[in-house]
Amino acid sequence: MYESNIDWVLAIVSGLAGIGIGALGYHLLNSNVARNQKVRQRLAETELELNQVKDSLNDHFARAADLVESIQRQTQELEQQLAQGAERFCDDSQIRRRLNNVPIDQGSSDEPSTAAPRDYADGNHGTLSEDFGLRQSTGEKEQPQPPRY
């Protein structure tokens with residue numbers, strides 16, 4: 001009878017040891033899951049904050065665009081008002097031209113305007129051509145050039 005008690009005791013001790021090892025394993029494996037859930041929750045919170053910041057930036061830029069448009073419209077209205085007032089009340093032609101956005105030199109100069117310098121040549125020869133910038137006299141015939149290699 002003593003031997004049958006040992007078998008029962010061994011079975012009970014083995015069961016308790018298995019339950020303890022299982023509980024320890026569950027605790028160790030479950031701690032990573034809890035940590036992962038916390039990380040996921042923080043990630044969701046930061047994504048929500050990022051979306052809120054993006055929405056507020058979109059609203060900010062939309063409002064700024066509306067304000068700029070309003071300023072431009074008011075500026076045009078002010079320019080029109082000044083031009084109308086200058087037409088009615090101002091005797092000085094220079095002031096009228098300035099308010100009507102006409103340059104002062106444009107209406108009063110009789111001198112021909114010089115063209116702005118260009119970085120390209122007329123025709124199809126280009127600036128690296130040997131005859132670029134040289135004027136051919138009408139009496140001279142153009143001599144054929146030997147081929148260049």
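This is a guided tour of a predicted model, from the whole chain to single residues.

Residues are numbered from 1 along each chain as its sequence is written. Local features need pLDDT of at least 70, side-chain atom pairs count only at pLDDT 80 or more, totals for chains, interfaces and linings use all residues, and side-chain values use heavy atoms, with hydrogens and water left out.

**The whole protein**

Begin by selecting the whole protein. The secondary structure comes to three helices and zero strands, in the order α-α-α along the sequence. Helices (H or I, at least four residues) and strands (E, at least two) are DSSP runs, numbered from the N terminus. Of the 149 residues, 3% count as buried; buried means under 20% relative accessible area, exposed over 50%, and partly exposed in between (1.4 Å probe, protein chains only). The accessible surface is about 14600 Å², and 55% of it belongs to carbon and sulfur atoms. Accessible areas come from the Shrake-Rupley method with a 1.4 Å probe; for residues, only the protein chains shown count as cover.

**Confidence**

Next, colour the model by pLDDT, the predictor's confidence in each residue, from 0 to 100. The mean is 79, and 72% of the residues reach 70 or more. Among the elements, α1 has the highest mean pLDDT (90) and helix α3 (residues 104-108) the lowest (46). Select residues 102-109: the pLDDT there is below 50, and beyond near neighbours in sequence this stretch has five contacts in the model (contact means heavy atoms within 4.5 Å). Where pLDDT is low, the predicted coordinates should not be read in detail.

Now select Leu82, which is found in helix α1. Leu82 counts as partly exposed because its relative accessibility is 44%.

Move on to Arg98 in helix α2. Is Arg98 buried or exposed? Arg98 is exposed, with a relative accessible area of 59%. Finally, select Ala86 together with Arg98: their C-alpha atoms are separated by 9.8 Å, and the two residues lie 12 residues apart along the chain.
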